[in-house]
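Visitor: Can you walk me through this one? I'd like to start with the aromatic rings.

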Amino acid sequence: MEHLNIPPDNHVMVLDGQGWVGLIDHLGSEATIVNAARVSFGKIKKEIDDRDVTLLEYLIANKHTSPLEHMVFTFSVHCPLFVRGQWHRHRTWSYNEISRRYTEIDMEFYTPVKLRRQAESNRQASFDDPGFDDAALREKIRLHNEKSLALYDELLAGGVCREQARGVLPQNMMVTFWGTVDLSNLLHFLELRDSEHAQYEIREYAVAIKKLIKPYIPHVAAYFARQGQSW
């Protein structure tokens, strides 16, 4: 049996190879979307033509989102806990996650290869400073990770239950979860998270998801590309 935090075959690495997102499964196609929009006519098409593409673009442009909800994607995500926390604010997704109440295998921690500075004008923003000498600080993060894991192991060895011992693990611990979402809500997620206002780390996951789903929604992706979005 493979461990849960081994990426699936169809995946994109992020965070300098420390994280990944993989496409586990999907339901439906662009034909499903236009068929749902025309369900009242009682006809189903397996392939779409130019007229269908026009309808698809009309649905998106005019926010007729219910037909898009008939296309669904399931992803496996390996990310730091603080990214997971931001992700789970999107409550239109369905989530299942590896639990430290049941296992202590495959403990990993995210250590940035470069630290960013805090923006003075925006508490939620950061910026890259090429002159920022962060080597000593990154080493402190690495040592903190080691000490946290050592304490966790010590608590377990001392008989402490996993559900309490995990409380000493930091926010940069890596976690793996599955997330399932329909296309309409996924597009909303991508609009918010592949944005200059989003935190760099979760934005990498949004960009990766676009790469994974683009082959399944080429006309949808082309529409957004024409609107100036990165697809």
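This is a predicted model: local features need pLDDT of at least 70, side-chain atom pairs count only at pLDDT 80 or more; totals for chains, interfaces and linings use all residues.

Visitor: Which helices do Trp 87 and Tyr 205 lie in?

Guide: Trp 87 lies in helix α3, residues 81–87, and Tyr 205 in helix α7. The pair therefore ties together parts that are 118 residues apart in sequence.

Visitor: Is Trp 87 buried or exposed? And Tyr 205, buried or exposed?

Guide: Trp 87 is buried, at 0% relative accessibility. Tyr 205 is buried too, with a relative accessible area of 0%.

Visitor: Why does Tyr 95 count as partly exposed?

Guide: Because its relative accessible area is 21%, and buried means under 20%. Phe 177, at 0%, is buried.

Visitor: Which residues form the aromatic cluster?

Guide: Phe 73, Phe 75, Trp 87, Trp 93, Tyr 95, Phe 177, Phe 189, Tyr 205 and Tyr 216 form one cluster. Both pairs we discussed have their residues in that list.

Visitor: Back to β7. How many of its residues are buried?

Guide: Seven of its nine, so β7 is mostly covered.

Visitor: What does β7 pair with, and how many bridges join β3 to β7?

Guide: Nine bridges join β3, residues 72–80, to β7, and the two run antiparallel. Within β3, Cys 79 stands opposite Val 175 of β7. Strand β4 also runs antiparallel to β7, with four bridges. There, Ser 94 stands opposite Thr 180 in β7.

Visitor: New topic. Where does Arg 117 lie?

Guide: Over the face of Phe 132, at 4.0 Å from the ring centre.

Visitor: Last one. Where does Val 207 lie?

Guide: In helix α7, residues 200–213. Val 207 is partly exposed, with a relative accessible area of 32%.

Visitor: How far apart are Val 207 and Arg 193?

Guide: They are 14 residues apart in sequence and 8.5 Å apart in space, C-alpha to C-alpha.

Conventions: Residues are numbered from 1 along each chain as its sequence is written. Side-chain values use heavy atoms; hydrogens and water are left out. Buried means under 20% relative accessible area, exposed over 50%, partly exposed in between (1.4 Å probe, protein chains only). Rings of Phe, Tyr and Trp (its six-membered ring) pair if their centres lie within 6.5 Å; planes under 30 degrees apart count as stacked, over 60 as edge-to-face and the rest as tilted. A charge sits over a ring if NZ of Lys or CZ of Arg is within 6 Å of the ring centre and within 35 degrees of the ring normal. Two strands pair if DSSP finds at least two bridges between them.
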